Amino acid sequence: MSQFNILFTSVGRRVQLINHFKRTLNELGVEGKIITTDFKNSAPASYMSDTHIVVPKISDSNYIEALKNICQKYNITLLIPLIDTELTQLSFHKEEFEEIGVTCLVSSCEVNDICFDKRNTYHFFKNTGFQTPDIFDVNILMNSQQFNFPYIIKPVNGSSSEGVNKINNINELLFFINYTPDAMLQNFVVGDEYTVDVLVDFSGNIRSVVPRLRIETRAGEVSKGLTVKNKLLIEASKKVVEALPGALGCITLQCFITNDGEITFIEINPRFGGGVPLSFEAGADFPKYIIQWMNGEETHNRIDDWMDGLAMLRYDEAIFIEKGSELWL
């Protein structure tokens, strides 16, 4: 492949991810550029790319056409979306991008339908035999008055833990049921929380599974994490993703190991999660594998071919832009 240009959409704060892909291209000796998009210039990760382009919001009817124009102008090989709200759109338009020579690292429409609506996710787990917290009908619960606090309430189409709240009593339930749009109420799970990064190749094979203990989180993203080589969790996560009809790329699972040792899955995000750089640094180099596969090279990594017990402690950095700069606010 003469040039391997990658387009990251809705790039936001994903500085580590962009830098890792840039470094990987260089280490592999692959000539290529990193192009990013967002609906504003102030996305921090945009300053890490070779070119940043401001695009319409995802809800805009011209959004997909804008991305296709960028792909053609910059000779894009691989398109990687980074937020949930555009995954479904791109899954519907994958063939249109393929016609102009662009591979979208996006799972099937069916997978995105399962993952984006938390009720569908619940039914997927139940129907495929995986443990997941029960869902409660608030009206039935209120009529019966048979409460078992605490609960978790969240919007069915939420992202990045927005709108997720713990419900400790009847007063909080009454408040948050009206405060949370299209709310879903579930059991509150007690135990150690994990994110599991699962990599699926272009033939649908699972090539890597990395559980990460969520030690501390901030705004829905892990700020302190630890890789844990738990064989039962690796095998269970592999089975979850194998049950998804058309998974591709990085599939991020959220789950708990409860105090009695039971694995309880709560969520699936079919994209790179915010804490995935920990998996990369542990040796599960998803960007390297993806680029090699697309260049016709085989990799021989094992599913658990990564470092156990690697910790990540995240902190903020600042980017400073002088007035008059091309990407100034």
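Predicted model: local features only at pLDDT ≥ 70, side-chain atom pairs only at ≥ 80, totals over all residues.
Is Leu-244 buried or exposed? Leu-244 is buried, at a relative accessible area of 6%.

**View 1. Leu-244 sits in the loop between helix 9 (231-242) and strand 13.** With a relative accessible area of 6%, Leu-244 falls under the 20% cut-off, so we call this residue buried. Look around the side chain and you'll find Val-111, Ile-114, Phe-124, Ile-251 and Ile-268 touching Leu-244, leaving aside residues up to four places away in sequence. Take Ile-114 from that list: 130 residues separate it from Leu-244 along the chain, yet the two C-alpha atoms are 8.5 Å apart.

**View 2. Helix 9 has its N-terminal end capped by Asn-230.** The cap is a side-chain oxygen of Asn-230, sitting 3.0 Å from the backbone nitrogen of Leu-232. From there helix 9 runs for twelve residues, and its first and last C-alpha atoms are 16 Å apart, close to the 16 Å expected at 1.5 Å a residue. Its buried residues are Leu-233, Ile-234, Ala-236, Ser-237, Val-240 and Val-241. What do the buried residues of helix 9 pack against? Their partners are helix 6 (118-127) plus strands 10, 11, 13 and 14.

**View 3. Six strands line up as an open sheet in the order 14-13-10-11-12-15.** The pairing is antiparallel. At the edges are strand 14 (263-269) and strand 15 (311-313), each pairing on one side only. Going from one strand to the next, the twist averages 35°.

**View 4. Strand 10 (residues 191-200) and strand 13 (residues 249-258) run antiparallel, paired over ten bridges.** To get your bearings, find Asp-192, which stands opposite Ile-257 in strand 13. Helix 11 (residues 286-294) packs on the sheet here, touching strand 10, strand 11 (206-218) and strand 13. The direction of helix 11 makes about 20° with that of strand 10.

**View 5. Arg-212 and Asp-197 join their side chains in a salt bridge, 2.7 Å from N to O.** This pair links distant parts of the chain, with Arg-212 in strand 11 and Asp-197 in strand 10, 15 residues apart. How buried are the two ends? Arg-212 has a relative accessible area of 2%, so this residue counts as buried, and Asp-197 is buried too, at 0%. Across the model, the salt bridges come to 19.

**View 6. Asp-316 and Arg-218 form another salt bridge, with N and O 2.9 Å apart.** Here again the pair links distant parts of the chain: Asp-316 lies in the segment after strand 15 and Arg-218 in strand 11, 98 residues apart. Asp-316 is partly exposed at 49% relative accessibility, and Arg-218 is partly exposed at 48%.

**View 7. The side chains of Asp-304 and Arg-302 also meet in a salt bridge, at 3.6 Å from N to O.** Asp-304 comes out at 28% relative accessibility, so this residue counts as partly exposed. Arg-302, at 52%, counts as exposed. Salt bridges with shared partners also tie Arg-13, Arg-218 and Asp-316 into one network.

Conventions
Residues numbered from 1 in each chain as written. Heavy atoms only, no water. Pairing = 2+ DSSP bridges. Helix = DSSP H or I, 4+ residues; strand = E, 2+ residues; numbered from the N terminus. Axes fitted to C-alpha atoms, helices over the stretch in contact; angles between N-to-C directions. Contact = heavy atoms within 4.5 Å. Buried < 20%, exposed > 50% of the residue type's maximum accessible area, 1.4 Å probe, protein only. Salt bridge = Lys/Arg side-chain N within 4 Å of Asp/Glu carboxyl O. Expected span 1.5 Å × (residues − 1). Polar contact = N/O pair within 3.5 Å; in protein donor to acceptor, adjacent residues only side chain to side chain.
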